[in-house]
Every structure is written in structure tokens, then in C-alpha cells.
Amino acid sequence: MKTKKNNTVWSVIAVILFVVSMYINYGGQEISIIKGNNNYNSNNSSYEQLFLSYQNTDDAQAEDFSDHYYLAAKDRGDCRELKGDILITIILVDDSESVWTPEAAATFKADQDKATQRLESDAAGYGIELNVQMLYLNCAIEGTFSLQEYNDWVNSALDACGIPGPKWCSYSLKKEFGYKENPVLFAVNREGRSFAHLSLNRRGFEFAILYKNMHDYRHELYHIFGAEDYYYPKETKAAAQKYMSDSIMLDNRQDAVVDNLTAYSLGWVDCLSEDATGFLQETAWITPEYVKEAYEAQSKTGYHTMEWNGAVYTGQVVSGVPDGTGTMVWENQGKTFRGEFVYGQPTKGTYTYSDGTTRTIG
Ligand SMILES: [Zn+2]
């Protein structure tokens, strides 16, 4: 009897070891993905890793969206529950490219504090109680980052703030301040394309890097908590314009709202609306590879013709943003601008209006 009992115990232990090893081999691997803001850049290796998690999705049922591309990050990663009492840490980083003046920092913080009010009211609109505590930190480090390589920069910034590295960041903030969710956003005092780094792994560090032209962090924060972009590829954008045209994940403008699908991804609602279902049905064929291709197309540098905030731009582009000499045509307004652009903004040149009148700036 005793031997039989021992055998049973050993069988149970073997099963546990097997499950643990499965977790270590599959569940424990670091899988991450970058989401940009309005404009993008990709981290190829991260995308390739993400593809692994999308295998065997071909046989998904039409109404079973569990493997859908647009729900991939829901309930995954370190940041999961955007409700209750949460601590948002914004680290203002001085680096080799830019430093925060007291005035710039004050303006930036005032903008983000307003975004916090909008965030809480977004949640309240779905009957979700969300109380956000903001923590602003400053640090000065050497070096800079690119959208392809930012790990060292992030490590240095955390280190300079006395936070013990990405893997322990969330844990150490939790231990120090007692909040369950501790998203971290970095900010630099220069213009650029804000982006979020998400992880599909429980222990993966999730964060966003905000540039000073990012006046509202919500779009990036929603990424960290599971929301996806709806403005590319073009088929996704068309479907989003049809079903959720005012979504903050389609267009990060101030009057944009949290649509039902985004709310579902954030865990604010349990049921998909008819519109969200329609969107998911129309985009069910979208694969990570297809999204990656569209993402890279938007990150081009050189001379290109592309859509830009409702206009068509032809000219010099840096990382997918009109920058240099070019022409912007707003066909619906009958308006054209020819001249110089700096980070998407016309700075020097001439507008021509539908009635033939012109205006020169710069
Ligand atoms: Zn985005």
C-alpha cells in the first residue's frame, strides 16, 4: 500500500514538473511588440517573436474572436487592470539629445494632468471607478535611443531613478507605493513619434516613450493595457472609420473616445457591441505579418507619397513623418500647401485655397 501511495505521489510530482517545464518553455518566454502613436516604427525581432503566438489560428470560428489579431494583447502582459487605484509614473528624462527646462516640464505635466482627468472620465463613462495617482520623476542620463534600440536608454533611466531594472520596476513601485498597477511612461523634451512597448508575458516590462508633442498620454496607456491601433493597415482603418470613427485608437485627437472594442480590450466591458463585432468580423483575416508590413510602410524615410491626417502628402519623409520639402493636399477642403515641413507641420511656404487666394507663412 505504501509503495502504491508513493507511486501516486511521484506521479503527481511528475505532472507538476511537466506543467512547470511547459510554462518555462512556452508561457515564460518574453514576447513583446511595439505600438506607435499615429506614426510607427517596428522592432523586427519583437514582431517575429509575436508571430509565434499566432500559429494555429486558421481554424478559428467566425464568432470566436479569441485568436483575433485585435484582441491579442487583451489580458496579457504586466499591466492588465485599468481600474481601481492605479499609479502612473512619468519619468522626465534629460539625455544627450534634449533636457527639460522647468517651463517645458511644467507645461508637459499640466497637459498630462488634464489627460488624467480625461482618463478617469473615460472609465467613468463605462461605469468603471478609476482613481489615478500621478508620480513625476526626473533623471539625467547619457546617450539617446532610436525606435529600433531603446533598451539601454530605458535601463539607464530606471537606474538613474533608483528603480532596479525593467523586470523589477513594477514590483518595486508596487512595494513602495502599494498600487496594484504601476504603468511607467518616459518623456523627452523633443518632438518625435511616441510609442508603447508591450509585452504579452506576465513579467514583461511595459512602458511608453512620450515626446513633448504628445499632449495626452491616454492612447499609449491604453496600448499598455491591451488596446490596439485601428488606423493601419488601410483595411483596418476603413473598418474602424465605419464602426468606430471617433475612437482614440483610430485618431488620437482630444475629442476622441474609448470605443466599445477598446473598452473590451481594457476590461471595462464584458460584451462586444454590434459595431465592435462588425469590425472584428471584417478584420478577422488580418494577420500579424500583414500588420507588420503596413507598419513598416509607415516608417519610411525618403521621398514618398502618403496619407497624412486626412491629407495626401508628397515629399520628404523621416520615419513616416512629413519632414523637409513637400506638398500637402487637402482635397476635401480644396487646400494645398507647398513648402517646408518640420515633424508633420507646415513651417515655411504657401497655402493655396479653393478660391485661388494664397497665404504665405514662415
Ligand atoms: Zn497607437
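**Helix packing and hairpins in a predicted model**

The crossing of H7 and H9 is right-handed.

Trainee: What sort of model is this?
Mentor: It is a predicted model. The protein has 10 helices and 12 strands.

Trainee: How much of the protein is buried?
Mentor: Buried residues account for 36% of the 362 residues.

Trainee: And what share of the contacts joins residues at least 24 apart?
Mentor: That share is 54%, counted among contacts between residues at least 6 apart in sequence.

Trainee: Back to the helix pair. Where are H7 and H9, and at what angle do they cross?
Mentor: H7 covers residues 234-243 and H9 covers residues 274-282. Their axes come within 9 Å and cross at roughly 165°.

Trainee: Why call H7 and H9 roughly antiparallel?
Mentor: Angles over 145 degrees count as roughly antiparallel. The crossing is at roughly 165°, so H7 and H9 are roughly antiparallel to each other.

Trainee: Which residues meet there?
Mentor: From H7, Ala-239, Ala-240 and Tyr-243. They meet Asp-275, Gly-278, Phe-279 and Glu-282 in H9. The residues of this contact divide into four nonpolar, one polar and two charged.

Trainee: What is the peptide bond like from Tyr-232 to Pro-233?
Mentor: That bond is cis, with omega near -10°. Most peptide bonds are trans. Pro-233 sits in the loop between H6 (218-224) and H7.

Trainee: New topic, the strands. How do S7 and S8 run, parallel or antiparallel?
Mentor: S7 (residues 302-308) and S8 (residues 311-318) run antiparallel, joined by seven bridges. The bridge partner of His-304 is Gly-315 in S8.

Trainee: What about the turn between S7 and S8?
Mentor: S7 and S8 form a hairpin with two residues between them. Asn-309 in that turn has a positive phi of about 45°.

Trainee: How many bridges join S8 to S9?
Mentor: Six bridges, and S8 and S9 run antiparallel. S9 is residues 321-330. Val-312 stands opposite Val-329 in S9. The hairpin of S8 and S9 has two residues between the strands, and Ser-319 takes a positive phi near 50°.

Trainee: Then S10 and S11. How many bridges there?
Mentor: S10 (residues 335-342) and S11 (residues 345-352) pair in the antiparallel sense over seven bridges. Val-342 stands opposite Gln-345 in S11. This hairpin has two residues between the strands.

Trainee: What is the phi of Tyr-343?
Mentor: Near 45°, a positive value in a residue other than glycine. Most residues other than glycine have a negative phi. Tyr-343 lies in the loop between S10 and S11.

Trainee: Why does Tyr-343 count as partly exposed?
Mentor: Tyr-343 has 17 C-beta neighbours inside 10 Å. A buried residue needs 20 or more, and an exposed one has 12 or fewer. Tyr-343 therefore counts as partly exposed.

Trainee: Last pair. What does S11 do with S12?
Mentor: S11 and S12 (residues 358-361) pair in the antiparallel sense over four bridges. Tyr-351 stands opposite Arg-359 in S12.

Trainee: And how many residues are between those strands?
Mentor: Five residues lie between S11 and S12 in their hairpin. Gly-356 takes a positive phi near 90° there.

Note on methods: Residues numbered from 1 in each chain as written. Predicted model: local features only at pLDDT ≥ 70, side-chain atom pairs only at ≥ 80, totals over all residues. Axes fitted to C-alpha atoms, helices over the stretch in contact; angles between N-to-C directions. Parallel < 35°, antiparallel > 145°, perpendicular 65-115°, else oblique. Left-handed = near helix turned anticlockwise from the far one by under 90°. Contact = placed C-beta atoms within 7 Å. Nonpolar A, V, L, I, M, F, W, Y, C, P; charged D, E, K, R; others polar. Pairing = 2+ DSSP bridges.
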